[in-house]
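Open the model in your viewer and keep the selection tool ready. We will walk from one stop to the next, picking out residues and strands as we go.

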Amino acid sequence: MIDESSEAGWLVISVSTAGAPDSLRVQVWRKLRSLGALYLQQSVCLLPARAEVTREVRRLVDRVRHQGGTARVLPMAFTDPAEEQSVIAELNEARDAEYAEVLERLPELRRELADEQARGNATYAEVEESEADLNRFRGWLGKITARDYFAAPGGQVARDAVEQAAGEFAAFEDAALRAEAPASGPR
């Protein structure tokens, strides 16, 4: 996550799955989306030419070609810095929208923790369920962060919110441990 122009340049990726199995189109779309590709038009997208991105794109191109599709990856550099900044802003807007969705859904987990604790339902089963929910948020956030190449402004807010929920989960877990701990003292 670098907050400046891509020094490594950019990749223009063009893929056609015509004549290939139908499932390939979905695989290509999912992979390019997971990398955070910016579509310029149907079947043509743009990604920063970072080492990890280039590696993943090469693997995708190999898969496309082996399954009967066609693909081209062309290196490119912007000649107009303002146009490059515009593309970076568009990529950041897309990541901010994803971070906003995390922030939109996170209060549900936090409410559930508070409600279960208020009902005195801080049990091991609830801890397991809430931990699984928290881990899903962490995983989701990790995937967004991996494609946040230019440090979108919403990223830190989302990470802070997930960590705040993790703190609330830790308090919930402590309450469950206290509630389920055997009473101490002589009998």
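Select Asp133 to begin: this model is predicted, and at 16% relative accessibility Asp133 counts as buried, because the cut-off for buried is under 20%.

Next, select Lys31, Glu56 and Arg59 together. Salt bridges with shared partners join these residues into one network. How many salt bridges does a search of the whole structure find? The search finds nine.

Move on to helix α3 and select Arg95 and Glu98, which lie three residues apart in that helix, about one turn. They form a salt bridge as well, and here the closest N and O atoms are 2.8 Å apart. Are Glu98 and Arg95 buried or exposed? Both are buried.

Now pick Arg110 and Glu168, whose side chains meet in a salt bridge at 2.6 Å, N to O. Arg110 counts as partly exposed, at 25% relative accessibility. Glu168 also has 25% relative accessibility and counts as partly exposed.

Stay with α3, which covers residues 81-118, and select Glu84. Glu84 is buried yet has no salt bridge. Where is the nearest side chain of opposite charge? That side chain belongs to Arg50, 8.2 Å away. Show Trp10 too, and you will find a polar contact of 2.7 Å between its side chain and that of Glu84.

Time for the sheet. Colour the four strands and read them across in the order β2-β3-β1-β4; they form an open sheet with antiparallel pairing. β2 (38-41) and β4 (70-76) stand at the edges with a single partner strand each, so one side of each has no neighbour in the sheet. On average, neighbouring strands here are turned by 25° against each other, direction ignored.

Bring helix α2 (residues 51-66) into view: it packs on the sheet and touches β1, β3 and β4, and its direction makes about 155° with that of β4. Then look at α3 again, which lies across β1, β2 and β3 and runs at about 65° to β1.

Now zoom in on β3 (residues 44-48), which pairs with β1 (residues 10-16) in the antiparallel sense over five bridges. Select Leu11 and Leu47 to see one set of bridge partners. On the other pairing, β2 and β3 are antiparallel over three bridges, and Gln41 has Val44 as its bridge partner in β3. The hairpin of β2 and β3 has two residues between the strands, and in it Ser43 takes a positive phi near 70°.

For the last stop, show the side chains of β3. Which residues point one way, and which the other way? Val44, Leu46 and Pro48 point one way, while Cys45 and Leu47 point the other way. Five of the five residues of β3 are buried, so this strand is largely enclosed by the rest of the structure.

Methods: Residues are numbered from 1 along each chain as its sequence is written. This is a predicted model: local features need pLDDT of at least 70, side-chain atom pairs count only at pLDDT 80 or more; totals for chains, interfaces and linings use all residues. Side-chain values use heavy atoms; hydrogens and water are left out. Buried means under 20% relative accessible area, exposed over 50%, partly exposed in between (1.4 Å probe, protein chains only). Lys and Arg count as positive and Asp and Glu as negative; His and the chain ends are not counted. A salt bridge is a side-chain nitrogen of Lys or Arg within 4 Å of a carboxyl oxygen of Asp or Glu. A polar contact is a pair of N or O atoms within 3.5 Å; within protein, one must be able to donate a hydrogen and the other to accept it, and residues adjacent in sequence count only if both atoms are side-chain atoms. Two strands pair if DSSP finds at least two bridges between them. Axes are lines fitted to C-alpha atoms, for helices over the stretch in contact, and angles run from 0 to 180 degrees between N-to-C directions. Contact means heavy atoms within 4.5 Å.
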